Amino acid sequence: MPELTIRLLETPEDIAAVERLQSLVWPGSDIEIVPAHVLLTATHNGGLVIGAFLDDELVGFVFGFPGLEFVPDGPRPKHCSHMMGVHPGHRSLGVGYALKRAQWQMVRHQGLDHVTWTYDPLLSRNAHLNISRLGAVCNFYRRSEYGELRDGLNAGLPTDRFQVDWWINSQRVARRMGERAHHSFGLDHFIQAGVQGLYPVQTGPGGLPRPPEHFSPPGGRLVLAEIPSDFHDIKAKDFPLARDWRFFCREVFENLFAAGYLVTDFVYDRSGNAPRSLYVLTHGEATLEE
Ligand SMILES: CC(C)(COP(=O)(O)OP(=O)(O)OC[C@H]1O[C@@H](n2cnc3c(N)ncnc32)[C@H](O)[C@@H]1OP(=O)(O)O)[C@@H](O)C(=O)NCCC(=O)NCCS
């Protein structure tokens with residue numbers, strides 16, 4: 001297995017490789033990729049394009065730039081992480097985690113303490129990486145964030161997103177960035193702790209998971225909200241069902257966030273016949289970890 005090398009990308013040659021990789025990760029629409037001139041301008045102005053190489057092949061990148069958030073005291077600097085992509089043939093091997101770890105080190109070096117980004121809350125792999133492995137938290141649901149996207153991963157569905165907060169100087173994140181860190185609580189752990197599952201997910205025709213008609217807002221301090229483990233598969237096999245999941249997920253998380261819940265963890269449980277994917281939400285300060 002060749003060794004993974006992570007480094008900053010700043011030359012026109014390196015950035016052209018990022019353009020090509022984006023077209024592979026988001027196929028079908030060249031309009032949806034960030035062009036080289038924008039990436040280069042960003043890198044000359046505090047932005048970070050970080051690449052992951054196996055031998056000499058670029059297999060992943062993450063791109064972000066400094067931004068401002070508007071808090072009651074006025075504008076505050078942060079890093080806005082805009083895109084991460086890993087070559088389809090090299091996913092689930094730790095490349096995404098290694099890229100975010102490098103971003104964590106570099107953004108801290110720039111003196112910032114907050115990184116935000118958005119992702120589709122129905123993508124279990126992204127959720128596992130962002131929430132469980134990296135220690136990001138979320139209480140911000142953004143409806144139709146990008147309007148209509150035309151690339152192969154997003155076409156036809158409202159582009160609802162979670163906006164996550166990654167507090168890169170916190171102990172929570174430092175623990176998950178440690179060399180030996182591999183944080184995970186199994187589903188059993190939460191069930192034994194009496195955590196409330198918010199709704200049942202039934203299996204429908206074709207063996208695909210179906211959302212319930214409605215969900216009732218919870219009363220507990222620690223709750224579990226289940227999503228499909230493979231949303232891309234549902235999109236490919238039953239598009240109306242994928243839309244049902246989008247609107248159900250919107251209802252659940254808009255309600256939970258309005259009621260004061262925060263996504264603090266994610267469970268990807270592979271112990272049963274079929275994998276299960278569940279967000280862990282806490283009300284107030286309650287977590288199993290602290
Ligand atoms: C999201 C993406 C960047 C992640 O990169 P990656 O290299 O696959 O990420 P990693 O391997 O570091 O982490 C993925 C984790 O999810 C796990 N995983 C795999 N399938 C999963 C699933 N269905 N549900 C939950 N977790 C899953 C992997 O085992 C791994 O966890 P582990 O390290 O604990 O074993 C990559 O999948 C990708 O390019 N996706 C398409 C573009 C995209 O969605 N970009 C992000 C938004 S801009």
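## The ligand site

An oxygen atom of the ligand sits 2.8 Å from a polar backbone atom of Gly-96. That is a polar contact, meaning a pair of N or O atoms within 3.5 Å; within protein, one must be able to donate a hydrogen and the other to accept it, and residues adjacent in sequence count only if both atoms are side-chain atoms. Alone, the ligand exposes 960 Å², and the protein buries 86% of that. These areas come from the Shrake-Rupley method with a 1.4 Å probe; for residues, only the protein chains shown count as cover.

Gly-94 also takes part: one of its polar backbone atoms is 2.8 Å from an oxygen atom of the ligand. For Ser-92, a backbone N or O atom lies 2.7 Å from a ligand oxygen atom. In total, 21 residues surround the ligand, and the closest are Val-86, Ser-92, Gly-94, Ser-124 and Arg-133.

## About the model

This is a predicted model: local features need pLDDT of at least 70, side-chain atom pairs count only at pLDDT 80 or more, and totals for chains, interfaces and linings use all residues. Residues are numbered from 1 along each chain as its sequence is written, and side-chain values use heavy atoms, leaving out hydrogens and water.

## Helix H4

Helix H4 spans residues 124–133. Helices (H or I, at least four residues) and strands (E, at least two) are DSSP runs, numbered from the N terminus. Eight of the ten residues of H4 are buried. Buried means under 20% relative accessible area, exposed over 50%, and partly exposed in between (1.4 Å probe, protein chains only). Among the buried ones are Ser-124, His-128 and Arg-133. After H4 comes Gly-135, with a positive phi near 80 degrees.

Strand S2 covers residues 48–54. Seven of its seven residues are buried, so S2 is largely enclosed by the rest of the structure. In a regular strand, side chains alternate between the two faces of the sheet. On one side of S2 are Leu-48, Ile-50, Ala-52 and Leu-54; on the other are Val-49, Gly-51 and Phe-53.

S2 runs antiparallel to strand S1 (residues 4–8), joined by five bridges. Two strands pair if DSSP finds at least two bridges between them. Thr-5 has Phe-53 in S2 as its bridge partner. S2 also runs antiparallel to strand S3 (residues 57–71), with seven bridges. There, Leu-54 is partnered by Glu-57 in S3. The hairpin of S2 and S3 has two residues between the strands, and Asp-55 takes a positive phi near 50 degrees.

## Strands S4 and S5

Six of the six residues of strand S5 (residues 114–119) are buried, so S5 is largely enclosed by the rest of the structure. His-114, Thr-116 and Thr-118 point one way, while Val-115, Trp-117 and Tyr-119 point the other. Strand S4 (residues 74–86) pairs with S5 in the parallel sense over two bridges. Cys-80 stands opposite Thr-116 in S5.

## Cysteines and Arg-161

The structure holds zero disulfides. A disulfide is a pair of cysteine sulfur atoms within 2.5 Å. For Cys-80, the nearest cysteine sulfur is that of Cys-138, 14 Å away. For Cys-138, the nearest is that of Cys-249, 10 Å away. Cys-138 counts as buried because its relative accessibility is 0%.

Arg-161 lies in strand S7 (residues 161–167). Its relative accessible area is 6%, so Arg-161 is buried. Leaving aside neighbours within four places in sequence, its contacts (heavy atoms within 4.5 Å) include Asp-120, Glu-145 and Arg-246.

Methods. Near = heavy atom within 4 Å.
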